[in-house]
Amino acid sequence: MTPLLSARGLTTRYGARIGCEDVSFDLYPGEVLCVVGESGSGKSTLLNTVALRVPAAAGSLDYTTANGESLDLLNLSEPRRRLLMRTEWGFVEQNPRDGLRMNVSAGANVGEPLMAVGARHFGKIRATASNWMGRVELDAQRIDDLPTAFSGGMQQRLQIARNLVTGPRLVLMDEPTAGLDVSVQARLLDLLRTLTAQLHLACVIVTHDIGVARLLAHRLMVMQGGRVVESGLTDQVLDDPQHPYTQLLVSSVLPA
Amino acid sequence: MNARDTNEPARAEAIVEGYNFAYLDEQTKRMIRRALLKAVAIPGHQIPFGSREMPLPYGWGTGGIQVTAAIIGHDDTLKVIDQGSDETTNAVNIRRFFARTAGVRTTTRTVEATIVQTRHRIPETPLTDRQILVYQVPMPEPLYRLEPRVAECRKLHALNEYGLMNVKLYEDIVRHGSIATTYDYPVIVNGRYLSAPSPIPKFDNPKMHMNPALQLFGAGRERRIYAIPPYTSVRSLDFEDHPFEIQRWEHACEICGSRESFLDEMIVDDKGKRMFVCSDSDYCQEQVAKGAEATQTPHATQGERA
């Protein structure tokens, strides 16, 4: 099987400082990869580099499209990149306010990606939006409410619906559960696990929460100081950590 | 009734000395013409230009007046309308401005004009291929309420990504049950560029489509010029199940009886009595004259509408 996304020696620098350095990984269709590490370890930089929001200084990043075409993402033309983002990728922001349009209704938020790829039938857009609100456990009656009228957890679920409505193959998430209280987090994680399995989604999830990683991830990458210090199957890494930093990270989780 | 030009005090119409023809200097006019040529070459695309300060405030038609100054010649006949009327402050002053600085003929009759500068309306009388319509545009960027970043807006135009505009129409339907945008209704020009038709009512949008006249748009404060060349397709955005519609009235114009034209609703007394009249004053008078010819009875009082 060809990997969906394949990174080799990916390096991002902010001037002389290192954002992330020499990161390599393969992501296969339907696979959930979690990137864990402390603040400042380069997790978000890596995610932004993969999302092509930050230019990479070195390395290569290849993506296989739905029709089998292999794309060199780092040298992709802008129109092609934007088309790819609209049709095959999603990006869930840590703060739903960054990923949603706060001054238009929930339905318009979910419908916008559809309209961006050419949907021009109001009734169908609305029906799809309503359906997706149901799938992320939002009350479809509130389709015409503004996102500001929603709670933080609901906004996050709305953002997820907005990202999944076009049927992407790869979703990048930056701390999707941070800033939510524990019970809401649990529900959201449950939802994410169900959706990724149902839709056969490949995900890269950045988190500092080992619990999130254990629940969602198939594979884990541990980062420190911009480098990947350990990677492997989730259970293997968490139950038998080899690197001192991973051992510290695992042992510093509070017992449930 | 067409003798209104001569009613204005002769002194106000006299040519003033000391200004270049049509106020702007020749270099500025050339610069604007270059922008206009580019604009005509790429229908609907906004071309930046070095907008000059004009002797009227932004928002009063500084863009339109500069475009008119750049294209007007000695043989032109100018008509200026504001909200369809030739008699409002803005229309009277801009008309007089060109009468005094360029010494050109002015008119209130659409058929006589070679250049029509307009704010908020397209004349009801169909334009011909010998006429140019100049619009005054307050905000040339149709996306600006949805996408505040100018660089990003340009990118959306460049890459033909106009899904965002439909989000606005979607919101309209959600909140009002139908597309409630009634003026400055977004259009796609020549199947490519999204453009703001300036704040004309959407009633006038169909007139832009395949119009024989050249349509020029000038935004003075925003420093943009764009154009719709003659016989160019102009499509108003909509949804398949909520197609574009123009306004309709249950009333006829109380002066001329027209049911075809765009009507203004006027409140005529303190008790809230209303009156519907044509917004296009020239068209209204023409209809009255036609009616008078047909019945052979003079409508002296009705012809006096201001």
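Colleague: Happy to start with a helix! At about what angle does helix 6 of chain A run to strand 6 of chain A?

Modeller: Keep in mind that this is a predicted model. Find helix 6 of chain A at residues 152-164, where it lies across strand 6 and strand 7 of chain A. Its direction relative to strand 6 of chain A is about 170°.

Colleague: And which strands of chain A does helix 10 touch?

Modeller: Helix 10 of chain A covers residues 244-251 and packs on the sheet, making about 110° with the direction of strand 9 of chain A. The strands it touches are strand 3 (32-37), strand 9 (219-224) and strand 10 of chain A.

Colleague: Which residue is the bridge partner of Trp89(A) in strand 7 of chain A?

Modeller: Strand 6 and strand 7 (residues 170-174) of chain A run parallel and are joined by 4 bridges. Look along strand 7 of chain A for the partner of Trp89(A), and you reach Leu170(A).

Colleague: Which are the edge strands of that sheet in chain A?

Modeller: The sheet is open, with 6 strands in the order 6-7-8-3-9-10 and mixed pairing. An edge strand pairs on one side only, and here that holds for strand 6 (89-92) and strand 10 (227-233) of chain A.

Colleague: Let's move to chain B. What is the strand order in its open sheet of 7 strands?

Modeller: The pairing in this sheet is mixed. Its edge strands are strand 1 (47-48) and strand 3 (105-106) of chain B. Reading across, the order is 1-9-8-5-4-2-3.

Colleague: Which residue stands opposite Val80(B) in strand 4 of chain B?

Modeller: Strand 2 (residues 77-82) and strand 4 (residues 115-119) of chain B pair in the parallel sense, over 5 bridges. Opposite Val80(B) stands Gln117(B).

Colleague: At about what angle does helix 3 of chain B run to strand 9 of chain B?

Modeller: Helix 3 of chain B, residues 26-41, lies across strand 1, strand 8 (214-219) and strand 9 (224-228) of chain B. Its angle to strand 9 of chain B is about 45°.

Colleague: Last one: which helix supplies the largest share of the side of chain A that touches chain B?

Modeller: The contact takes 16 residues from chain A and 13 residues from chain B. On the chain A side, helix 2 (78-87), helix 4 (106-116) and helix 5 (122-135) each supply at least two residues. The largest share, 6 residues, comes from helix 4 of chain A.

Terms used. Residues are numbered from 1 along each chain as its sequence is written. Chains are lettered from A and ligands numbered from 1 in the order in which they are written. This is a predicted model: local features need pLDDT of at least 70, side-chain atom pairs count only at pLDDT 80 or more; totals for chains, interfaces and linings use all residues. Two residues are in contact if their C-beta atoms, placed from the backbone, lie within 7 Å. Two strands pair if DSSP finds at least two bridges between them. Axes are lines fitted to C-alpha atoms, for helices over the stretch in contact, and angles run from 0 to 180 degrees between N-to-C directions.
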